[in-house]
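This report is meant for someone meeting the structure for the first time. Please look over the sequence and the model before reading on.

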Amino acid sequence: MGRARKSKTSKREKYASFGDMADEADEDADLPKDEAGRRKIKRQYGELLGIRIEKLRGRILNRERINTTIEGIYFICGVCLKVCHSLDDGLSEDPGNQNNLCGACAKAQAAANSAAAAAAKESGGSSRRPTRSRRKRAAAS
């Protein structure tokens with residue numbers, strides 16, 4: 001009894017992702033070597049974490065020592081949910097490490113906060129209603 005021949009298409013399908021990697025390398029060819037490496041690592045983090053990015057929003061993923069004075073930090077932005085690096089995207093670090101933001105989102109949030117403060121000042125007071133006690137008075141009998 002003869003063996004069934006394997007089709008050559010299965011081999012091509014196995015290694016189809018290498019072609020995609022070559023395209024990604026072409027995109028990063030015009031960047032400096034270190035920045036291209038950081039982009040590749042950010043892309044790998046995104047693929048590795050997948051749907052868990054939502055769960056890890058705002059958290060630091062990894063810290064790396066670039067030289068004795070510079071530290072690079074990979075993190076997930078709490079607003080845009082992108083994997084970012086502190087040298088490329090900027091970092092607005094939260095003391096509790098629960099809501100770290102990239103530079104663009106931190107700038108947008110600061111602008112929104114200042115606009116809200118200006119609107120509140122213009123209207124003559126706080127936009128929040130004063131809180132009242134919600135206790136019911138006991139009926140005097």
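Which exposed residues does the face of helix 5 turned away from its buried side carry?

## Overall layout

The model shown here is predicted. Its chain has a secondary structure of five helices and three strands, and these follow one another along the sequence in the pattern α-α-α-β-β-β-α-α.

Of the 141 residues in the chain, 18% count as buried. The chain exposes about 11700 Å², of which carbon and sulfur atoms supply 51%. Among the contacts between residues at least 6 apart in sequence, 32% join residues that are at least 24 apart.

## The nonpolar cores

The largest nonpolar core is made up of eight residues, namely I73, F75, C77, C84, L101, C102, C105 and A106. Strand 2, which covers residues 71–76, and helix 5, which covers residues 103–123, each supply at least two residues of this core. Apart from this core lies another one, of six residues, which include Y45, I53, I76 and V83. In soluble globular proteins, nonpolar side chains tend to be buried together.

A106, one of the residues of the largest core, touches S92 and L101 when residues up to four places away in sequence are not counted.

Helix 5 has 21 residues and reaches 30 Å from its first C-alpha to its last, which is close to the 30 Å expected at 1.5 Å a residue. Its buried residues are C105, A106 and A120. Seen down the axis of helix 5, these buried residues fall within an arc of 100°, and so they line one face of the helix.

The opening question can now be answered: the face of helix 5 turned away from its buried side carries the exposed residues A104, K107, K121 and E122.

## An aromatic pair

The structure holds one aromatic pair. The ring centres of Y45 and Y74 are 5.6 Å apart and the ring planes stand at 50°, so the pair is tilted.

Terms used: Residues are numbered from 1 along each chain as its sequence is written. This is a predicted model: local features need pLDDT of at least 70, side-chain atom pairs count only at pLDDT 80 or more; totals for chains, interfaces and linings use all residues. Side-chain values use heavy atoms; hydrogens and water are left out. A nonpolar core is a set of buried Ala, Val, Leu, Ile, Met, Phe, Trp, Tyr and Cys residues joined through side-chain atoms within 4.5 Å. Buried means under 20% relative accessible area, exposed over 50%, partly exposed in between (1.4 Å probe, protein chains only). Helices (H or I, at least four residues) and strands (E, at least two) are DSSP runs, numbered from the N terminus. Contact means heavy atoms within 4.5 Å. The expected span of a helix is 1.5 Å times one less than its number of residues. The arc is that of the directions from the helix axis to the C-beta atoms. Accessible areas come from the Shrake-Rupley method with a 1.4 Å probe; for residues, only the protein chains shown count as cover. Rings of Phe, Tyr and Trp (its six-membered ring) pair if their centres lie within 6.5 Å; planes under 30 degrees apart count as stacked, over 60 as edge-to-face and the rest as tilted.
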